[in-house]
Structures are given as C-alpha cells and as structure tokens.
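Here is a short briefing on one structure. Read it with the sequence and the 3D view side by side.

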2 protein chains.
Amino acid sequence: MDHVFFMNRAYQEAIKAFDEGEVPVGAVIEKDGIIIGKGYNRVENLFDATAHAEIIAISAASSKLSDWRLSGCNLYVTTEPCLMCLGALVLSRIDTIIYGAAEPRTGAIHSHFYRQQIESSFGYFPKVINGIMEFECGSLLSSFFKQIRQNGSTDTHK
Amino acid sequence: MDHVFFMNRAYQEAIKAFDEGEVPVGAVIEKDGIIIGKGYNRVENLFDATAHAEIIAISAASSKLSDWRLSGCNLYVTTEPCLMCLGALVLSRIDTIIYGAAEPRTGAIHSHFYRQQIESSFGYFPKVINGIMEFECGSLLSSFFKQIRQNGSTDTHK
C-alpha cells in the first residue's frame with residue numbers, strides 16, 4: 001500500500017481546511033486501494049466541536065458502505081487524532097490509523113494510558129503507523145498557527 | 001435545577017432508540033433551563049459508529065447556538081458516556097455531565113486514567129453528577145439486551 005499517495009490525499013483535504021480558516025487537518029479512509037470517505041476540520045464553520053476531519057471521514061465511509069463497521073479500512077490523517085477521534089476509530093473498528101504529524105498536547109494515539117484502558121475495555125486497538133509526510137503535515141499546521149498569531153485571533157479549536 | 005425533569009427528557013429520547021431497535025441511550029443539552037439539543041443512539045440505522053446520542057445532541061445544541069463552545073450548558077444522558085463522547089464533551093467545553101446508569105465496560109467518565117490524562121492535556125474536565133434515574137435508565141438497557149439475546153442477535157454497538 002502506498003502510504004504517501006493516500007496521505008497526500010489527506011493533505012489535500014487539510015488544505016481545504018486551511019483555505020477556510022480552520023485548523024488544517026484532513027483525513028481519508030481507504031479500503032482495497034479506493035478512497036471511500038474523506039473529510040477536513042470544519043469546527044468553526046459548522047459551529048460543531050465534533051466536526052473533526054476523522055469524524056466526518058468515518059461518517060462518509062460508513063454511509064458509503066452502509067455499515068458502521070469499518071474493519072478492513074484504513075484511516076489516513078495529517079495529524080495525530082485526539083481522544084474523541086480515537087474513540088470513534090475504535091468504535092468503528094478501523095484496521096489501521098496512519099498519521100502524519102504528532103500532536104504532543106492533545107494527540108491520544110501514543111498515550112500508553114489510553115491504549116491500556118481501551119484494550120482493557122474494548123479488547124481492541126487499531127494498528128498505528130506514524131510519520132508519513134510528517135514534515136509537510138506539521139509545516140501546514142505551523143503556518144496556520146503563525147498566521148493566527150499575527151492576526152491576533154485566539155481560542156482556535158483542536 | 002431539576003435533574004430528574006431533564007433526565008426524564010433524555011429518557012424519552014432513549015425510548016425512541018429502543019423503538020427503533022437501537023441500544024437505548026438518549027441525551028439532552030440544557031442551558032438556562034431550556035433544552036437546546038437532543039439526540040438518541042442511531043448507530044445501526046444511520047450506519048455510523050459516531051451516531052451516539054451525545055454526539056447528535058452536541059451537534060444540535062451547537063447549531064442552535066451558532067457556536068461550538070457549549071460552556072454554560074449541561075448534558076443529561078441516560079448512560080455513562082464512552083471515550084468518544086467524553087472527548088467530544090471536553091472539546092465542546094460543556095459545564096456538567098449528568099448521567100443515569102453506569103456503564104462498567106465502556107463508560108469513560110469514572111476512569112481515573114482518562115480524567116488525569118484529559119486534565120493534563122486540556123486543563124479541563126467537566127463536572128460530573130451520576131445516578132439520576134439510575135434504575136429506570138439501567139432497566140431500559142437490560143430490557144433491550146434481554147430482547148436481543150432472545151432474538152439471537154449479536155454484535156450490537158455501544
């Protein structure tokens with residue numbers, strides 16, 4: 001599987017968020033080499049704290065499959081998912097989470113606490129691959145936050 | 001604030017889920033004594049693992065306020081929220097989570113691990129009140145799962 005190809009598609013989604021003034025995070029869900037769902041962060045424009053790229057991509061992929069179970073599917077996301085999105089990915093039984101840039105503050109994937117608790121509660125934790133297009137995904141976020149600081153905005157979500 | 005009044009409204013939402021063959025969980029969000037969002041579990045019928053009562057109620061309340069920030073709002077839900085929903089409630093900055101029945105396996109609210117991690121990452125954790133209409137909310141769940149077992153269904157979500 002060409003991780004860079006699919007991460008690049010997630011990156012294109014993140015660009016859409018950037019252009020709409022949202023924290024630039026994008027995601028796609030792939031099954032058997034085909035993208036079956038995609039999304040980008042729309043928290044500010046949809047007035048909805050749950051409108052993260054991953055949640056939108058999960059809903060789209062599930063709708064496409066007419067099944068909430070996404071086993072056999074892989075999620076590509078430009079930034080390490082937060083707790084809400086990790087929970088959603090576990091519930092949807094996605095096979096693999098592939099992400100670009102680490103999110104040291106709110107990223108939930110590499111917390112041993114979360115992993116232990118989730119494995120204990122659900123008997124399951126998706127496989128994880130990180131660092132795909134890490135520099136590009138991280139730079140997009142840095143550019144966004146630099147711009148926000150220059151404009152004096154505060155309280156941006158995610 | 002009359003917790004039983006609002007929990008009863010959440011319970012009415014859970015009944016809708018029950019009648020549609022979904023795991024019976026319902027939620028309402030209250031602000032200044034008025035219900036501004038409600039939802040019930042629709043995972044099976046919407047083909048969407050993220051379609052928990054709390055997520056639907058958060059989206060509805062945020063849309064009503066035209067603001068993803070739900071500070072000053074309280075969530076009533078018939079069952080202890082899972083990890084995804086706890087994450088969503090933290091992100092939306094809800095004031096208080098009031099729930100009915102505990103969910104020992106996948107409930108995330110009373111895990112000290114989650115609380116510590118969330119407080120450390122977000123500097124915030126909602127206030128929690130539990131046990132409101134506990135018997136009624138728990139009985140509704142028990143009745144549902146008893147019915148599921150009698151019908152031989154498996155793999156029901158949440």
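Across the interface of chain B and chain A, the rule finds zero salt bridges. Polar contacts do occur there: ten residue pairs, with both partners at pLDDT 80 or more. Keep in mind that this is a predicted model.

**The interface of chain B and chain A**

- Helix 2 (43–46), helix 3 (53–65), helix 4 and helix 5 of chain B each supply at least two residues of the side that touches chain A.
- Helix 5 of chain B gives the most to that side, with six residues.
- In contact terms, 35 residues of chain B meet 35 residues of chain A.
- The two chains, B and A, bury about 3,300 Å² between them. Carbon and sulfur atoms hold 62% of that area.
- Within chain B, the residues that lose the most area to chain A are B:F47, B:W68 and B:L91. Together they make up 19% of what that side buries.

- Is strand 4 (residues 96–101) of chain B largely enclosed or largely open? Six of its six residues are buried, so the strand is largely enclosed by the rest of the structure.
- Buried here means under 20% relative accessible area.
- Strand 4 of chain B pairs with strand 3 (residues 74–79) of chain B. The two run parallel, and five bridges join them.
- To find this pairing in the view, look for B:N74, which stands opposite B:T96 in strand 4 of chain B.
- Strand 4 of chain B also runs parallel to strand 5 (residues 127–130) of chain B, joined by four bridges.

**Right-handed units in chain B**

- Strand 3, helix 4 (residues 83–91) and strand 4 of chain B make a right-handed β-α-β unit.
- Strand 4, helix 5 (residues 112–122) and strand 5 of chain B also make a right-handed β-α-β unit.

**Salt bridges within the chains**

- A:E13, A:K16 and A:K38 are linked in a network of salt bridges.
- In the A:K16 to A:E13 salt bridge, the closest N and O atoms are 2.9 Å apart.
- A:K16 and A:E13 are three residues apart in helix 1 (residues 3–19) of chain A, so about one helical turn separates them.
- Which class does A:E13 fall into, buried or exposed? A:E13 counts as buried, because its relative accessibility is 5%.
- A:K16 has 35% relative accessibility, so this lysine counts as partly exposed.
- A:K38 also forms a salt bridge with A:E13, and here the closest N and O atoms are 3.9 Å apart.
- That pair links distant parts of the chain: A:K38 is in strand 2 (residues 34–40) of chain A, while A:E13 is in helix 1 of chain A, 25 residues apart.
- A:K38 is partly exposed, at a relative accessible area of 41%.
- In chain B, B:E119 forms a salt bridge with B:R115, with the closest N and O atoms 3.8 Å apart.
- B:E119 and B:R115 are four residues apart in helix 5 of chain B, so they are separated by about one helical turn.
- Both ends count as partly exposed: B:E119 at 38% relative accessibility, and B:R115 at 27%.

Definitions and conventions
Residues numbered from 1 in each chain as written. Chains lettered and ligands numbered in written order. Predicted model: local features only at pLDDT ≥ 70, side-chain atom pairs only at ≥ 80, totals over all residues. Heavy atoms only, no water. Buried < 20%, exposed > 50% of the residue type's maximum accessible area, 1.4 Å probe, protein only. Pairing = 2+ DSSP bridges. Right-handed = clockwise from strand over helix to strand, strands pointing away. Contact = heavy atoms within 4.5 Å. Buried area = accessible area lost by both parts, 1.4 Å probe. Salt bridge = Lys/Arg side-chain N within 4 Å of Asp/Glu carboxyl O. Polar contact = N/O pair within 3.5 Å; in protein donor to acceptor, adjacent residues only side chain to side chain.
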